Amino acid sequence: MPSVQIEVRQQYSVEIELGMMEAVHSALRDAFKIKADDRIIRLVVHEPHRFQCPLDKSQPECYTLITIDGFSGRSLDAKRHLYKTIVDNLNRLGIPKDHITIILREVSTENFGIRGGFAACDVNLGFKIDV
């Protein structure tokens, strides 16, 4: 049940914005084995002067920050696979690979409220976390 926020420094077309969200969600499905309908993704467009990025970027307008809050328990291999797949997917949309930063914040299931106010540790999630 990852919650994703994608932050960018420019306005993209609706097609590209939807493609970016699908690129991240597709990587989560592949690497973390989440269900296809398990989708919480926000895209935030900042004015460039309100979102500073590393100065060494050749196309600073393309800098993209992705923050994922998800359940703890995934293996290091699954995380590596996630990062690589996200970067590869976004690169197909024209975002340089070295312009993407991904932050994964892991939350224990008892600290995630879902499905009408239940702790995630108390419900059947429908997928494995230890992938």
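This is a predicted model: local features need pLDDT of at least 70, side-chain atom pairs count only at pLDDT 80 or more; totals for chains, interfaces and linings use all residues.
Which elements do the buried residues of H1 pack against? They pack against E1, E2, E3, H2 and E4.

Residues are numbered from 1 along each chain as its sequence is written, and side-chain values use heavy atoms, with hydrogens and water left out. Helices (H or I, at least four residues) and strands (E, at least two) are DSSP runs, numbered from the N terminus.

The sheet comes next. An open sheet is formed by 4 strands in the order E2-E1-E3-E4, with mixed pairing; two strands pair if DSSP finds at least two bridges between them. E2 and E4 stand at the edges with a single partner strand each, so one side of each has no neighbour in the sheet. From one strand to the next, the twist averages 15°. Axes here are lines fitted to C-alpha atoms, for helices over the stretch in contact, and angles run from 0 to 180 degrees between N-to-C directions.

Now the pairs. E3 and E4 run parallel and are joined by 8 bridges. Within that pair, Ile66 stands opposite Ile102 in E4, and Gly70 stands opposite Glu106 in E4. E1 and E3 run antiparallel, with 6 bridges between them. There, Ser3 has Asp69 in E3 as its bridge partner. E3 is mostly covered, with 8 of its 8 residues buried. Buried means under 20% relative accessible area, exposed means over 50%, and partly exposed is in between, using a 1.4 Å probe and protein chains only.

Contact, throughout, means heavy atoms within 4.5 Å. H2 also packs on the sheet, touching E3 and E4, and its direction makes about 145° with that of E4.

The expected span of a helix is 1.5 Å times one less than its number of residues. For the 19 residues of H1 that should be 27 Å, and the end C-alpha atoms are 26 Å apart, which agrees. For the 16 residues of H2 it should be 22 Å, and the end C-alpha atoms are 23 Å apart, which also agrees.

The buried residues of H1 include Met20, Val24, Leu28 and Phe32. Ile16 is found in helix H1 too, but Ile16 is partly exposed, with a relative accessible area of 21%. Just after H1, Lys33 takes a positive phi of about 60°. In H2, the buried residues include Leu82, Ile86 and Leu90, and the buried residues of H2 pack against H1, E3 and E4.

What sits in the middle of this? The largest nonpolar core has 34 residues, and those with the most contacts inside it are Ile6, Ile66, Ile68 and Ile86. Such a core is a set of buried Ala, Val, Leu, Ile, Met, Phe, Trp, Tyr and Cys residues joined through side-chain atoms within 4.5 Å. Strand E1 (3–8), helix H1 (14–32), E3, helix H2 (76–91) and strand E4 (100–107) each supply at least two residues of this core. H1 gives the most, with 8 residues.

Lys57 lies in the loop between strand E2 (41–45) and strand E3 (64–71). Is Lys57 buried or exposed? At 16% relative accessibility, Lys57 counts as buried. The side chain of Lys57 reaches the backbone oxygen of Asp98 at 2.7 Å. That is a polar contact, meaning a pair of N or O atoms within 3.5 Å; within protein, one must be able to donate a hydrogen and the other to accept it, and residues adjacent in sequence count only if both atoms are side-chain atoms. Leaving aside neighbours within four places in sequence, Lys57 is in contact with Tyr63, Asp98 and His99.

Phe112 is in the loop between E4 and strand E5 (113–114). Phe112 counts as buried, at 14% relative accessibility. Outside the four places on either side in sequence, Phe112 touches residues including Met1, Phe71, Val107 and Phe118. Ile16 and Phe112 are 96 residues apart along the chain, and their C-alpha atoms are separated by 31 Å.
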